[in-house]
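Please keep the structure open beside the text as you read.

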Amino acid sequence: MAFLSLAFVIAAIVAYGEIYAFRASGAYTADGRFIDWRSKRLHVRDLGRASKPPVLLIHGSSANGREFLQNLVPALDQDFRLLVPDRPGAGHSERPFNAARLSQQAAAMAQVLDDAGGAPTIVVGHSFGAPVGLRLAMDRPDLVKGLVLLAPVSHPWDGKTRLHNRLAANPIYGRLFARIVPFVGPAAATGGMKNVFGPQTPPEGYSEATGLSLLFRPATFRANAQDLASINAELAAQASRYPEIDIPTVIFSGSKDQVLSPTLHARALSKEMPRVELVILPESGHMPHHYHAAEIANAIQKLRPGDKSNAGGGRGAAAE
């Protein structure tokens with residue numbers, strides 16, 4: 001009897017997870033196109049003007065490409081072709097084996113750019129998207145003409161991955177744990193958003209605009225957890241290569257970031273790369289693109305072909 005009761009509970013959890021995933025995916029359907037990568041499909045929005053210079057926007061963890069649709073996309077879509085993918089396992093992109101490795105995340109972004117014609121591109125990366133952009137610049141320098149990094153994570157740090165991510169990433173019971181997430185994840189999201197945006201407040205309607213509920217689909221949550229569980233080791237493996245990235249780079253970092261240490265990441269990175277402008281945003285947190293889209297768009301404009309400005313003009317240059 002006890003066995004049957006346990007089996008019923010597990011079946012109910014699995015069923016609810018499938019129902020939640022179906023409803024969330026239906027509420028936020030794919031609004032871009034799909035390209036092939038490693039026998040999987042990557043979802044990419046191709047926005048702006050096709051005849052203009054390309055910009056690749058790489059979102060961070062716990063997010064998808066919708067993260068940029070209300071801020072940077074409107075600020076850039078008249079002057080650039082904007083490629084806005086969902087990283088592997090996020091949004092509507094499928095996820096192949098071993099996709100938590102930054103080399104594979106960067107390879108996926110390279111596939112997006114190759115599919116779009118392979119032109120040298122300005123790459124924008126937010127948070128977890130920043131080391132993906134950095135790795136893309138190292139592994140495929142032919143594709144990257146400039147970097148704009150927003151609240152970047154760049155170096156390993158002390159501390160453990162949060163328990164819920166360790167559980168979801170576990171190779172033995174992670175899939176079952178991830179199926180519990182739809183029961184509790186959406187209710188806990190409000191507190192998580194306050195921490196991510198702090199000391200600022202989340203924009204009104206943020207969850208709906210960005211399709212946050214997509215995160216709590218079991219497969220998506222597990223993919224995100226695997227990324228976060230692997231990130232320290234991945235950063236340790238690539239950080240020594242940062243000095244080889246000799247392209248104009250602008251780093252935006254909020255002085256009050258409550259998620260990442262600006263000293264450990266943005267400031268350290270700005271001292272290791274040859275051509276960096278570091279912009280410290282006073283009283284700002286981990287989501288600068290929501291509050292400083294105009295400044296970020298201006299930095300991107302300065303990196304476009306033919307611009308003779310000094311963006312990224314010197315090692316560790318800082319504007320505060």
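In this predicted model, helix α4 (residues 129-139) packs with helix α9 (residues 218-238) at an angle of about 35°. Their axes lie 12 Å apart, and α4 passes α9 in a left-handed crossing.

**Helix packing**

- On the α4 side, the residues that meet α9 are Pro131, Leu134, Arg135 and Met138.
- Their partners in α9 are Ile231, Leu235 and Gln238.
- Sorted by class, this contact of α4 with α9 holds five nonpolar residues, one polar and one charged.

**The largest pocket**

- The volume of the largest pocket is about 1,200 Å³.
- Its lining is made up of 43 residues, and those nearest the centre of the largest pocket are Ser62, Arg162, His164, Asn165 and Leu228.
- Which element gives the largest share of the lining of the largest pocket? That is α7, with 10 residues.
- By class, the lining of the largest pocket has 24 nonpolar, 16 polar and three charged residues.

**The second largest pocket**

- For the second largest pocket, the volume comes to about 750 Å³.
- This pocket is lined by 28 residues, and Arg95, Ala219, Thr220, Arg222 and Ala223 are the closest to its centre.
- Helices α1, α6 and α9 are the elements that each give two or more residues to the lining of the second largest pocket.
- The lining of the second largest pocket divides into 11 nonpolar, 10 polar and seven charged residues.

- The largest cavity holds about 120 Å³ of space.
- Its lining has 19 residues, and Ala63, Ala90, Gly91, Leu215 and Thr220 lie nearest the centre of the largest cavity.
- By class, the largest cavity is lined by seven nonpolar, eight polar and four charged residues.
- The second largest cavity has a volume of about 30 Å³.
- Lining the second largest cavity are Ala151, Pro152, Ser253, Asp257, Leu260, Ser261, Pro262, His265 and Ala266.
- These lining residues of the second largest cavity fall into five nonpolar, three polar and one charged.

**Salt bridges**

- Across the whole structure, a search finds 15 salt bridges.
- One of them joins glutamate 18 to arginine 179, with the closest N and O atoms 2.7 Å apart.
- This pair links distant parts of the chain, since the two residues are 161 residues apart.
- Glutamate 18 sits in helix α1 (residues 2-27), and arginine 179 in the loop between α6 (174-178) and α7 (181-197).

**Backbone details to check**

- Is the peptide bond from glycine 198 to proline 199 cis or trans? The bond is cis, with omega near 5°.
- Proline 199 belongs to the loop between α7 and α8 (206-210).
- Serine 39 has a phi near 65°, which is a positive value in a residue other than glycine.
- The place of serine 39 is the loop between β1 (33-37) and β2 (40-48).

Notes:
Residues are numbered from 1 along each chain as its sequence is written. This is a predicted model: local features need pLDDT of at least 70, side-chain atom pairs count only at pLDDT 80 or more; totals for chains, interfaces and linings use all residues. Side-chain values use heavy atoms; hydrogens and water are left out. On a 1 Å grid over the protein atoms alone, a cavity is a set of points where a 1.4 Å probe fits but cannot get out, and a pocket is an open set with protein on both sides within 12 Å along at least five of seven lines; lining residues have an atom within 4 Å of a point. Grid points are joined across faces, edges and corners, and a volume is the space filled by probe spheres set on the points. Ala, Val, Leu, Ile, Met, Phe, Trp, Tyr, Cys and Pro count as nonpolar, Asp, Glu, Lys and Arg as charged, and the others, Gly among them, as polar. Axes are lines fitted to C-alpha atoms, for helices over the stretch in contact, and angles run from 0 to 180 degrees between N-to-C directions. Helices (H or I, at least four residues) and strands (E, at least two) are DSSP runs, numbered from the N terminus. A crossing is left-handed if the near helix is turned anticlockwise from the far one by less than a right angle, and right-handed if clockwise. Contact means heavy atoms within 4.5 Å. A salt bridge is a side-chain nitrogen of Lys or Arg within 4 Å of a carboxyl oxygen of Asp or Glu.
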